[in-house]
Amino acid sequence: MNTSTSIRIDQTLYEQARSEALVEHRTIAGQIEYWARVGRAALDNPDLPVSFIAESLASMAEPRSEATDFVPRSAADGLRG
């Protein structure tokens, strides 16, 4: 069961989260949670690009039924030739 906790954040950060949440179809709390997950993973993996981390987290959240199989480039190139 998820519980919630109220916290105080800077008004500018709140407005940025609200704006981004609209674009990303998230709640404001969900947007801040997403930023926290990405930031935490980036701190834990400083050698990885943030875009890779964000895409990896997004792919992990997708239902397996919607996943597509990975095809290495070398295999895909062999199909064209």
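Glu 24 is partly exposed, with a relative accessible area of 37%; partly exposed denotes the range between buried (under 20% relative accessible area) and exposed (over 50%), computed with a 1.4 Å probe and protein chains only. Glu 24 takes part in a salt bridge with Arg 26, in which the closest N and O atoms are 3.9 Å apart. A salt bridge here is a side-chain nitrogen of Lys or Arg within 4 Å of a carboxyl oxygen of Asp or Glu.

The model is predicted: local features need pLDDT of at least 70, side-chain atom pairs count only at pLDDT 80 or more, and totals for chains, interfaces and linings use all residues. Residues are numbered from 1 along each chain as its sequence is written, and side-chain values use heavy atoms, with hydrogens and water left out.

**Salt bridges**

- Side chains of opposite charge can pair when their charged atoms come close.
- Three salt bridges are found in a search of the whole structure.
- In the bridge to Glu 24, the partner Arg 26 is partly exposed, at a relative accessible area of 29%.
- Arg 18 and Glu 15 join their side chains in a salt bridge with an N to O distance of 2.5 Å. Both residues belong to helix H1 and lie three residues apart, about one turn of the helix.
- Both members of that pair are partly exposed: Arg 18 has 40% relative accessibility, and Glu 15 has a relative accessible area of 30%.
- Arg 40 and Asp 44 form a salt bridge at 3.5 Å, N to O. These two residues are in helix H2, four residues apart, about one turn of the helix.
- Arg 40 counts as exposed, with 57% relative accessibility.

**Overall fold and dimensions**

- The protein contains four helices and zero strands. Helices (H or I, at least four residues) and strands (E, at least two) are DSSP runs, numbered from the N terminus.
- The protein is more spread out than a compact globule, because its radius of gyration is 17 Å, well over the 12 Å that the globule rule gives for 81 residues. The radius is taken over C-alpha atoms, and the rule is 2.2 Å times the number of residues to the power 0.38.
- The C-alpha trace spans about 60 × 30 × 25 Å along the principal axes of the protein.

**Surface and charge**

- Of the 81 residues in the protein, 12% are buried.
- The accessible surface is about 7,400 Å², and carbon and sulfur atoms account for 54% of it. Accessible areas come from the Shrake-Rupley method with a 1.4 Å probe; for residues, only the protein chains shown count as cover.
- Ile 7, Ile 9, Leu 13, Tyr 14 and Trp 35 make a nonpolar surface patch of about 430 Å². Patches consist of residues with over 30% relative accessible area and no salt bridge, with like charges joined within 9 Å and nonpolar side chains (Val, Leu, Ile, Met, Phe, Trp, Tyr) within 5 Å.
- Tyr 14, one of the patch residues, is placed in helix H1 (residues 11–24). Its relative accessible area of 33% makes Tyr 14 partly exposed.
- The protein has 8 positive and 12 negative charges, whose mean positions are 2 Å apart. Lys and Arg count as positive and Asp and Glu as negative, while His and the chain ends are not counted; each charge is placed at NZ of Lys, CZ of Arg, CG of Asp or CD of Glu.

**Individual positions**

- His 25 is situated in the loop between H1 and helix H2 (28–44). His 25 has a positive phi of about 60° although it is not a glycine, and at 74% relative accessibility His 25 counts as exposed.
- Glu 33, in helix H2, is partly exposed with a relative accessible area of 47%. Its C-alpha atom is separated by 10.0 Å from that of Ala 17, 16 residues apart along the chain.
- Ser 6 lies in the segment before H1 and is exposed at 75% relative accessibility. The C-alpha atoms of Ser 6 and Arg 40 are separated by 20 Å, the two residues being 34 residues apart along the chain.
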